[in-house]
Amino acid sequence: MEESSQNTISDGAPSAPRKNDEPFPGESRAVAFGIAGWLLPGLGHALQRMWGRALVVFLAVGLLVFAGASMKGNVFTRQGSDAFDTLGYIADLGTGSFYLFARAIETGGADVSHADGDYGTRLLATAGVLNLLAALHAYEAARGRKA
Amino acid sequence: MTAIPPLEVTHFQAFLLFAVVISVAFGFLGRRRPKDRVKYILWSLFLFLLVGIGVGWAMFPFSR
């Protein structure tokens with residue numbers, strides 16, 4: 001594969017400028033898949049017909065968000081008082097639309113005075129970071145750089 | 001939406017939930033063939049448990 005593409009390049013004029021100015025063909029499509037995967041966990045993979053990965057990402061992020069909110073973990077908001085709150089908010093936002101789901105089901109508010117609430121906070125942040133990783137994977141897969 | 005009943009779990013159950021979910025997600029994202037995925041998931045889960053329980057034991061003398 002690599003060899004054939006090298007041959008194709010060497011067959012043409014070596015110093016000729018490339019016709020396609022885009023650094024990688026389909027870059028905007030890959031970005032769209034990444035954003036879709038962030039907004040709805042698993043969607044970036046589903047659009048590429050990677051059904052198994054899409055289902056696992058959707059269920060994993062969904063389960064972590066549901067468990068985290070059920071354990072009365074802290075769902076951070078924009079009105080954070082310090083840098084840790086801001087970092088927590090960024091991590092929670094990583095779940096995309098599931099952030100709203102977490103806010104909706106945690107109507108009683110957070111309770112981090114117990115270990116459960118503390119674990120819940122971690123599970124929510126983990127869900128966000130995991131979804132960002134999955135969205136990045138969907139982006140890379142669309143570029144043909146991931147198996 | 002009505003409030004859902006709070007989920008109460010032990011430290012180990014919360015840790016196990018985290019380890020299983022993350023191991024499965026990493027296995028599916030990181031490997032393509034089913035056999036490789038199973039091997040990766042089991043190995044990752046084993047390491048999570050080993051490190052988690054190991055760190056727990058290491059902290060035990062300082063817990064009181």
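Guide: A:Lys72 sits in the loop between H4 and H5 of chain A. Keep in mind that this is a predicted model. The phi angle of A:Lys72 is near 60 degrees, a positive value in a residue other than glycine. Is A:Lys72 buried or exposed? A:Lys72 counts as buried because it has 24 C-beta neighbours inside 10 Å, and the cut-off for buried is 20 or more.

Now take A:Arg49. Its place is the loop between H3 and H4 of chain A. A:Arg49 has 7 C-beta neighbours inside 10 Å, so it counts as exposed.

Next, the contact between the chains. Chain A brings 24 residues to it, and chain B brings 18. On the chain B side, 15 of these are nonpolar, one is polar and two are charged.

Then comes the largest nonpolar core. It holds 42 residues. Among those with the most contacts inside it are A:Ala60, A:Leu64, A:Leu124 and B:Ala25. Both chains supply helices: H2, H3, H4, H5, H6 and H7 of chain A, and H1 of chain B, each give at least two residues. H7 of chain A gives the most, with twelve residues.

Finish with B:Ala25. Which residues does B:Ala25 contact, leaving aside its neighbours within four places in sequence? They are A:Val56, A:Val57, A:Ala60 and A:Leu130.

Terms used. Residues numbered from 1 in each chain as written. Chains lettered and ligands numbered in written order. Predicted model: local features only at pLDDT ≥ 70, side-chain atom pairs only at ≥ 80, totals over all residues. Contact = placed C-beta atoms within 7 Å. Nonpolar A, V, L, I, M, F, W, Y, C, P; charged D, E, K, R; others polar. Core = buried A, V, L, I, M, F, W, Y, C linked by C-beta atoms within 7 Å. Buried ≥ 20, exposed ≤ 12 C-beta atoms within 10 Å, placed from the backbone. Helix = DSSP H or I, 4+ residues; strand = E, 2+ residues; numbered from the N terminus.
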